[in-house]
Amino acid sequence: TAACTVTASFTLNSYSLSTAVSPAGAGLVNCTATTIGYGGASTCTATAHAGYSFGFWSGDCTGATCALTNINSNKSITANFARNSYALSVTKAGTGTGTVTSDPEAIDCGTNCQETFEHGVTVTLTATPDATATFTGWSGDCTGTEVCQVDMDEARSVTATFAPITYTVTATAGPNGGISPASQSVAHGATTTFTVTPDPSYTAS
């Protein structure tokens, strides 16, 4: 036999850090390291995609931040996101009356003129005048007089204008006098005045 030398080599244990996003596709997770030696550390950040907001961490991180230290086992974390919601406000203008409703069903203005909708939803608004009114048009985030479609990627505001139905009143005078004006346009429920002027030696009756 002879003297011999033996060398033992040791490798520091390493652990994996797995990440997930909920719901899928809502954002990204970036960590300073995903393979970490024993006792090491890793800090992770979450970045939301358009239309989402970061909510909280779950798994081996909890709360609003994720900083893992003294790692001595495999770790798993999930970044939880929520889809953004925005307010859609409807205002009625003009002296006529009517209602505005939405699809998806939520707004009935009427009485309920504001609701929130998730990012990416297209809301269709329909203006319906009462029997004594007409719908004259949209303003704000819609224009024109057709059905209004609003893409909810931010807070939106729409005004629907209604006007009363108008009638033409035509006046005719008999002989020996006159009446003016000859005609007038009068809104539903309103009153108007005509002036009757008899010829000399006559009175109106």
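Strands β9 (residues 98-103) and β12 (residues 122-129) pair in the antiparallel sense over six bridges; strands here are DSSP runs (E, at least two residues) numbered from the N terminus, and two strands pair if DSSP finds at least two bridges between them. Within this pairing, D103 stands opposite T124 in β12. Strand β12 is also joined to strand β14 (residues 148-151) by four antiparallel bridges, and here T122 has D151 of β14 as its bridge partner.

The model is predicted, and local features need pLDDT of at least 70, side-chain atom pairs count only at pLDDT 80 or more, while totals for chains, interfaces and linings use all residues. Residues are numbered from 1 along each chain as its sequence is written, and side-chain values use heavy atoms, with hydrogens and water left out.

Turning to the sheets, three strands form an open sheet in the order β2-β4-β6, with antiparallel pairing. Because β2 (27-31) and β6 (66-68) stand at the edges with a single partner strand each, one side of each is left without a neighbour in the sheet. Neighbouring strands of this sheet are turned by 20° against each other on average, direction ignored; the axes are lines fitted to C-alpha atoms, and angles run from 0 to 180 degrees between N-to-C directions. Strand β4 (residues 42-48) pairs with β6 over three antiparallel bridges, and T43 stands opposite A67 in β6.

Another open sheet has four strands in the order β3-β1-β7-β5, and its pairing is mixed. Its edges are held by β3 (35-37) and β5 (52-59), each with a single partner strand, so one side of each is left without a neighbour in the sheet. Strands β1 (residues 14-22) and β7 (residues 75-83) run parallel and are joined by six bridges, with V21 opposite A79 in β7.
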